[in-house]
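Reader: Could you walk me through this one while I have it open? I'd like to go piece by piece.

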Amino acid sequence: MLLLLDACIIIDAYTLGVWDNLVASGEIVAPSIVIHDEAKFYKTENGRESTQIDLPSLVDAHRIQEASATPSEMGDVLQYLDRGTQEGLDPGEIEALAIIMKDRNGEMLFCTADRIAVETVAMLGLSERGVSMESMLDRLGLHKEVPAKCSEQRFRQYIQNGTTMRLQGRGKPY
Amino acid sequence: MDDLQKILGQRIQSLRKRLGLTQQVFADMAGLTAHQIVSQIEMGTREVKAWELVAISKALKTDVQNLLDVGNADDHPVLVWRDYRDGNTAIKEASFLTRCGRYHQLEEWLGMEPSRELPQVDIDARQAGLDDVNRIAIDMSRTLHLGSIPAASLASVLENDYAVKIWYEDLDESGSAASAFGEFGYAIMMHNQQPPWRRNFSFAHELFHLITWDSISAEEAADDKELYDKTERLADRFAGMLLLPADALCAEFDQRKKKGGVKYSDAVEMARRFEVSTEALLWGLVGCGRLRAERAKEVLADPAFRERDRMSMRSYWWNPPTMPERFVSLAFLAYQKGKMSRARLATYLEVSLPDLSAKLDEYGLKESEELEGDVTSS
């Protein structure tokens, strides 16, 4: 099972102190935009100290994997979404969705805590390809208390929202 | 060759040229190692990597979504500049227009319509005289409900009641202000290094452009110096009349005169009270017949008056926010309601993800679930 993480999850993992454990699982993938542009540092709890995140080095050392989508594939994702949803997603999230979409029969799971990203996963009919941070950590045997926004309960609620939106015809069916 | 790759290359080239950037300069801005890569991308012979597309969009002061939007008509609204000086304004304009687009997107997400529509005034700039402008200023002050100290409420009324997007930027080399109209509605870009009273005058000046947008063509004025200069004079006159309503100004002056004359300190204090410059105040008094023009010039040239004016500035000075407070509030609300992701919120607020909490803190906002509830449910 491969786990595709968005920038916020990676930064949260560093902050919670579980990043090294995640990497050790050998199952971590990140979108190219997150690796080269978005996850560059994180801040300690008090918000004062910055610590660098060097994802390209981890990729070079084969400790995590980099996945990418072409601009064309990213454009294809946007075609399925209404204008408001397009505008609410970050490029890293759009790339992650494109990666999941082209890996239609694969087993890569997209881990995100952002409401709009989770709802979009469900809107695209890819609910089974999304996973909460809480569930991801549990699967890897890392039982850590996570913020409410990263909980499985919250994730399920957003999946339900997105499924309802799909039934209401938000965006084009995939 | 992928169709999108080709179209994307053409769009990137078009935007780069609009910003007046050479391929070399653009390559540096986008973190690309050589200008030949830019050439290949623009010709569609080299595929852009996803993360390169992000860097390119930032260099072009736009969003990835806009670059990927094949059906995008690439609308570029015209900006009208005040006190325009030669300089490359293209990059500032592009940033400003992208910010206005985002501001409008927030209003759309949250279902916010302006409570009132900014009125349009029919005027022939070539024929219009000072009396016409005086009348427009009086009417506008009443319509906008600005009260007896219009400067105190003007920016707030424009932003909150009429959804005029107001951004502050360092425009030192470009001009003192600019206004625009587009899909996002009306917008003003204001020089953030000006004293507060000069900003107020600029707001009133820009308001004239906004309310005459339909009758005085910005494109025509840009090509006709005589029309441009006349319009600017009308806008200045309008600003003076709007910010210094004759009734309130004369009443204040007469009251002070009755109590033993109008000293330099009185004049300075009046200017600060009306939130205008001392120069605007004195010429306002000339305009309503309380002061002779020659005396206004003498006072303005007197070093003692200038020193009195300068001394009062410190206690009345305030710096504008780096981002409009309304914009930040709406962005946070849109995020709380799940309209945008956290990373997208960081982009809108122009900070990195780890710095987002600190930025929100500056505006008194906190991402704490414990501080949130629903007023409508128990």
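Reader: Where does B:His145 lie?
Author: B:His145 sits in the loop between helix H7 (130-143) and helix H8 (150-162) of chain B, where helices (H or I, at least four residues) and strands (E, at least two) are DSSP runs numbered from the N terminus. This is a predicted model, in which local features need pLDDT of at least 70 and side-chain atom pairs count only at pLDDT 80 or more, while totals for chains, interfaces and linings use all residues. Residues are numbered from 1 along each chain as its sequence is written, chains are lettered from A and ligands numbered from 1 in the order in which they are written, and side-chain values use heavy atoms, with hydrogens and water left out.

Reader: And what is its phi, for B:His145?
Author: B:His145 has a positive phi of about 55°, although it is not a glycine. Most residues other than glycine have a negative phi.

Reader: Is B:His145 buried or exposed?
Author: B:His145 is exposed, with a relative accessible area of 58%; buried means under 20% relative accessible area, exposed over 50%, and partly exposed in between, with a 1.4 Å probe and protein chains only.

Reader: What about B:Ala163, buried or exposed?
Author: B:Ala163 is buried, with a relative accessible area of 9%. B:Ala163 lies in the loop between H8 and strand E2 (165-169) of chain B, and its phi is positive, about 55°, although B:Ala163 is not a glycine.

Reader: Switching to strands: which way do the residues of E1 in chain B point?
Author: In strand E1 (residues 79-82) of chain B, B:Leu79 and B:Trp81 point one way, whereas B:Val80 and B:Arg82 point the other way, and all are buried. In a regular strand the side chains alternate between the two faces of the sheet.

Reader: Which strand does E1(B) pair with?
Author: E1(B) pairs with strand E3 (residues 177-182) of chain B in the antiparallel sense, over four bridges, and two strands pair if DSSP finds at least two bridges between them. The bridge partner of B:Val80 in E3(B) is B:Ser179.

Reader: Now chain A, what is the strand order in the open sheet?
Author: The open sheet of five strands in chain A runs E5-E2-E1-E6-E7, with parallel pairing. Strand E5 (65-67) and strand E7 (130-131) of chain A stand at the edges, each with a single partner strand, so one side of each is left without a neighbour in the sheet.

Reader: How many bridges join E1 and E2 of chain A?
Author: Strand E1 (residues 3-5) and strand E2 (residues 28-31) of chain A pair in the parallel sense over two bridges, and A:Leu4 stands opposite A:Val29 in E2(A).
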